[in-house]
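Subject: Structure handover

Hello,

The structure we spoke about is below. Please look it over, and then read the notes that come after it.

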Amino acid sequence: MKNVKNYLSENKDRFLNELIELLKIPSVSADPAFSQDVLDTAKTVKTRLEEAGCDIVEIHETAGYPIVYGEKFINKDLPTVLVYGHYDVQPAEPLELWTSPPYEPVIKKTKLHPEGAIFARGACDDKGQMYMHVKALELIVKTNQLPCNVKFMIEGEEEVGSNNLAIYVAENREKLANDVILISDTGMIANDVPSITTGLRGLSYVEVEVTGPNRDLHSGLYGGAVANPINILTKMIASLHDENNHITIPGFYDKVEELSTEERAEMAKAPFSIEKYQEALDIESVYGEKGYSTNERNSIRPTLDVNGIWGGYTGEGAKTVIASKAFAKISMRLVPNQDWKEITDLFKTHFEAIAPKGVKVVVKPHHGGQGYVTPIDTIAYQAASKAYETTFGKKPIPQRSGGSIPIVSLFEQELKSKTILMGFGLDSDAIHSPNEHFGVWNYFKGIETIPYFYEYFTEMTKK
Ligand code: BES
Ligand code: MN
Ligand code: MN
């Protein structure tokens with residue numbers, strides 16, 4: 001691969017400005033108020049893929065937001081890489097916690113990004129990382145070095161569960177046929193500690209509703225005499241973990257893959273400072289399941305977390321009231337072999353069973369997906385590893401992540417191919433949070449590394 005650095009340095013400003021333009025469109029898939037913006041983003045992605053060198057780019061309409069499909073097909077005897085990414089973003093709220101407006105991207109220096117980071121919703125998850133692939137294609141096409149076929153599938157509903165993409169994939173197996181899937185929608189350990197994500201957790205997301213009396217009541221006249229749904233809900237939630245922070249749902253751990261002592265020892269070699277971790281989050285101590293390290297707790301162990309809880313009076317001042325209803329949104333992160341539908345059922349059965357008389361409980365499953373593990377003894381992993389070694393000067397460490405991209409296991413099921421997760425974000429980039437950002441250095445490092453993956457993957461496949 002020649003001229004990668006040259007092409008990059010000649011086009012740096014434009015590459016950055018194009019991403020900034022993309023980040024200005026608020027493509028929030030969860031909120032219908034932004035639907036026109038989401039559609040506009042799909043069109044922009046289509047145009048950018050055409051400019052980068054795709055021969056065919058189509059917008060595929062779905063029952064929800066469109067999927068942008070593109071390809072540059074050079075020869076059927078060459079391997080094909082399918083790039084997946086998403087152009088939708090999470091809602092930016094709470095807006096008052098942003099130091100600059102979420103859709104007015106600015107570059108600011110941070111401790112971990114001394115060369116500057118782009119602050120905007122979607123900068124890292126996933127517009128910035130998805131766009132690295134568009135620019136890597138441009139680089140490799142314009143320098144006449146594309147060694148293989150490339151397909152792009154960029155969706156607009158990842159942050160709301162990818163339901164329509166699942167249908168699209170099942171209906172277009174032949175069109176999407178590939179030798180490997182490449183995704184940049186995860187992170188790495190640090191800029192000087194490159195890593196490749198080898199695992200994603202599964203997810204089961206549920207909403208619960210507890211109803212007590214048929215109307216809100218005066219908390220003096222009725223307090224103490226009827227079940228208060230908020231008291232009950234919080235008590236039920238608290239009982240879902242025991243004193244060792246194990247989850248108490250019967251059967252929850254039955255299928256959990258237990259790692260061998262050797263595998264755990266290997267994992268523990270990844271550089272990690274508990275002091276820095278605590279300091280960055282301003283906490284005096286970490287907290288979690290007994291018997292496991294922090295890195296194990298957030299990757300190879302399943303979890304249960306309340307993501308939101310509401311009910312009763314939360315306005316100014318005080319109102320003495322017992323609310324009729326209380327609600328919570330709960331996510332369970334799952335590990336290999338746990339089936340998300342089975343876990344959802346176990347949760348529902350248990351949560352209904354622990355409800356005391358005097359309240360009614362409804363459990364509404366939202367969405368979910370299976371976990372995923374990438375083997376590292378494959379050509380694709382080896383090619384990725386060599387690509388990082390070329391551009392970082394260091395061999396990357398394989399590391400399982402705590403996050404979820406449920407569609408990845410579906411890709412394996414429907415398309416029978418493995419996924420390589422080449423993430424260039426940092427955990428501290430605040431994805432889904434206020435002040436999300438993506439290092440400028442990371443953006444260019446991604447664009448630099450991707451072409452080498454194509455080169456090595458093609459070379460190693462031919463052998
Ligand atoms: N890109 C993230 C997932 C991710 C981030 C994985 C960092 C590993 C490291 C993705 O956009 C995401 O947010 N996924 C959701 C699940 C989805 C069903 C809404 C998640 O993990 O909460
Ligand atoms: Mn993402
Ligand atoms: Mn996300």
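The model is predicted, so please read everything here as computed from it.

In the contact, domain 1 takes part with 7 residues and domain 2 with 4 residues.

Two or more lining residues come from each of α4 (163-171), α9 (340-353), β14 (360-369) and α11 (407-415). Sorted by class, the lining of this pocket holds 10 polar, 5 nonpolar and 2 charged residues. The second largest pocket lies between domain 1 and domain 2, because both give residues to its lining.

Cores. The largest nonpolar core counts 65 residues, and Met422, Tyr443, Phe453 and Tyr454 have the most contacts inside it. Elements that each supply at least two residues of this core include the helices α1 (4-23), α2 (35-52), α3 (127-142) and α10 (379-392), along with the strands β3 (80-86), β6 (149-155) and β7 (180-183). Helix α12 (440-462) is also one of these elements, and α12 gives the largest share of the core, 10 residues.

Which residues does Met422 contact, leaving aside its neighbours within four places in sequence? Gln129, Leu182, Ile183, Ser184 and Thr186 are among them. Further on in the chain, the contacts of Met422 include Ala384, Ala387, Tyr388, Thr449, Ile450 and Phe453.

There is also a second, separate core, with 25 residues, including Ile249, Leu304, Trp340 and Val363.

Lys325. This residue lies in strand β13 (residues 325-334). With a relative accessible area of 33%, Lys325 is partly exposed. Not counting residues up to four places away in sequence, Lys325 touches Glu209, Val210, Thr211, Pro229, Gly311 and Gly312. Lys325 and Phe411 are 86 residues apart along the chain, and their C-alpha atoms are separated by 40 Å.

Backbone. Most peptide bonds are trans, and most residues other than glycine have a negative phi. The following places depart from that and could be checked by eye.

- The peptide bond from Glu93 to Pro94 is cis, with omega near 0°. Pro94 sits in the loop between β3 and β4 (106-108).
- The peptide bond from Asp125 to Asp126 is cis too, again with omega near 0°. Asp126 is in the loop between β5 (117-119) and α3.
- Ser162 is not a glycine, yet has a positive phi of about 55°. Ser162 belongs to the loop between β6 and α4, and counts as buried at 5% relative accessibility.
- Lys416, a residue other than glycine, has a positive phi near 60°. Lys416 is in the loop between α11 and β17 (419-421).

Is Lys416 buried or exposed? Lys416 has a relative accessible area of 68%, which is over the 50% cut-off, so this residue is exposed. Ser162, at 5%, is under the 20% cut-off and is therefore buried.

Regards

Conventions:
Residues numbered from 1 in each chain as written. Chains lettered and ligands numbered in written order. Predicted model: local features only at pLDDT ≥ 70, side-chain atom pairs only at ≥ 80, totals over all residues. Heavy atoms only, no water. Helix = DSSP H or I, 4+ residues; strand = E, 2+ residues; numbered from the N terminus. Nonpolar A, V, L, I, M, F, W, Y, C, P; charged D, E, K, R; others polar. Domains from an automatic or database assignment. Core = buried A, V, L, I, M, F, W, Y, C linked by side-chain atoms within 4.5 Å. Buried < 20%, exposed > 50% of the residue type's maximum accessible area, 1.4 Å probe, protein only. Contact = heavy atoms within 4.5 Å.
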